[in-house]
Amino acid sequence: MIDPASLDLTSVVRRSNAVVAAELDGDTVLYHDQLGTVNVLDPIATAIWRELDGDRVAEDIATHLATMYDTDTEQVGADVVTAIRALGRLGLLDGVASDPATIASHELDIPDHLDDR
Amino acid sequence: MVSEETARWAVTSPSFDALGHRFAIRSTHAGIGRFLTDAYTACEDPDAAPATRYDVLHDLAGDYPHALRIDGDEVVRSARPADVVGHLTWHVNQQVIGRGSDLVLLHAAAVSSDGVAVVLPAPMESGKSTLAAGLVDRGFRYLTDEAAAIDPATLRLRAYPKPLSIDPGSWEVLAHLRPQVDDEVARYLVDQWQLAPARFGLDTVDDDVAVGHVVFPRYEAGAETTLAPIPRSRALVRMLEQTFRFERHGRRDFQALARLLATARVHELVSGDLDHACEAVRRLVLGSDDLAKARR
């Protein structure tokens, strides 16, 4: 498993198959059905998440997004690296080691009485 | 006194079917037997063979004369008749929620107007039953005050029209709906009123309705009434947190609720006043243009 801190612009990462996603008004809600976590991505993180198909290095994704949004490639590259490290710690990327403390803080908070029935 | 062996049933209810939980109620006391039969009348289904039988025994010998038996097993024996009704209604809820595996079940009240449902998801003690009662009292139709059942294929809401369970904190504001019962039956209701949907008038219950609105209600004593849109992403997380047995069908329920929210209008309602809260929901559902026309 790859340490998320080691991810950089040369990394190739892919969304976990255990994650189901829903885009709503530009945000994306991610549910990991094995970890029981839920995360909400803002529109920038959503744009990055869409590109994580495991086919391209992060630098190519940054170049693609910078062109699409007509903005600075270097800044987008920094955003992509920050995003994939965070997504990795959350257990949302294949082959990247998750961080248990980070995951715990995103577990769905369902009251016991709704689960006990 | 009625001995346990020779109980004679003063009332035997028809069969009820609540989202697949088929049951009937018998009572040795005519008053509470009729009351409970009326309370669940909206769930009546003459074709349903009862799988569960609730027996309410009123006047057994000894210090604990009140009992509830479920399929012959005594599950409550108490000096307080309210314990019997409390356990019966709780058990029915449990069975409904335990059985509805083909439905997404939200901890929510739901009402409808002109064939459009308003779902009111909220944690316990948020005032959702009181708000549902207030809305039905103002002409909305009733779907449930406990479990909003959504078909994941069609996203339509199916009714679980149990009696509305109203806690003492709301009795004053709903005083005109106080159950009209004699003193003996009233002892069964000292912890919680159980209001039959028919208490609000004929044709009160709706079923199989499209969801147009999701409103997250929160009662706050003394609060000004505010009804504000919230992001759908945040609404989805809050709905997941109010989904019964979410982990059993997590992926299916997530996808269904996301699809539902893609088209529903989503708001948060904070209020310390039932009249104002109901008016805010009425305006939302009717729409300001339609409301203006209705007033002309």
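**Note on salt bridges in a predicted model**

1. Start with Asp275(B). Its relative accessibility is 47%, so Asp275(B) counts as partly exposed. The model is predicted, and every value here is computed from it.

2. Asp275(B) has a salt-bridge partner. The side chain of Arg138(B) meets that of Asp275(B), with N to O at 2.3 Å. Asp275(B) sits in helix H7 of chain B, residues 274-286. Arg138(B) sits in the loop between helix H3 (128-137) and strand S9 (141-144) of chain B. The pair therefore ties together parts that are 137 residues apart in sequence. Arg138(B) is partly exposed, at 35% relative accessible area.

3. Helix H7 of chain B also holds Arg282(B) and Glu279(B). Their side chains form a salt bridge, 3.1 Å from N to O. The two are three residues apart, so about one helical turn separates them. Arg282(B) is partly exposed at 28% relative accessibility. Glu279(B) is partly exposed too, with a relative accessible area of 25%.

4. Chain B also has a network. Salt bridges with shared partners join five residues: Arg218(B), Glu220(B), Arg234(B), Arg238(B) and Glu268(B).

5. In chain A, look at Glu51(A) and Arg56(A). They form a salt bridge, and the closest N and O atoms are 2.8 Å apart. Is Glu51(A) buried or exposed? Glu51(A) has 13% relative accessibility. Buried means under 20%, so Glu51(A) counts as buried. Arg56(A), at 22%, counts as partly exposed.

6. For the overall tally, the structure holds 22 salt bridges over all chains. The pairs Glu51(A) with Arg56(A), Asp275(B) with Arg138(B) and Arg282(B) with Glu279(B) are among them.

Conventions. Residues are numbered from 1 along each chain as its sequence is written. Chains are lettered from A and ligands numbered from 1 in the order in which they are written. This is a predicted model: local features need pLDDT of at least 70, side-chain atom pairs count only at pLDDT 80 or more; totals for chains, interfaces and linings use all residues. Side-chain values use heavy atoms; hydrogens and water are left out. A salt bridge is a side-chain nitrogen of Lys or Arg within 4 Å of a carboxyl oxygen of Asp or Glu. Buried means under 20% relative accessible area, exposed over 50%, partly exposed in between (1.4 Å probe, protein chains only). Helices (H or I, at least four residues) and strands (E, at least two) are DSSP runs, numbered from the N terminus.
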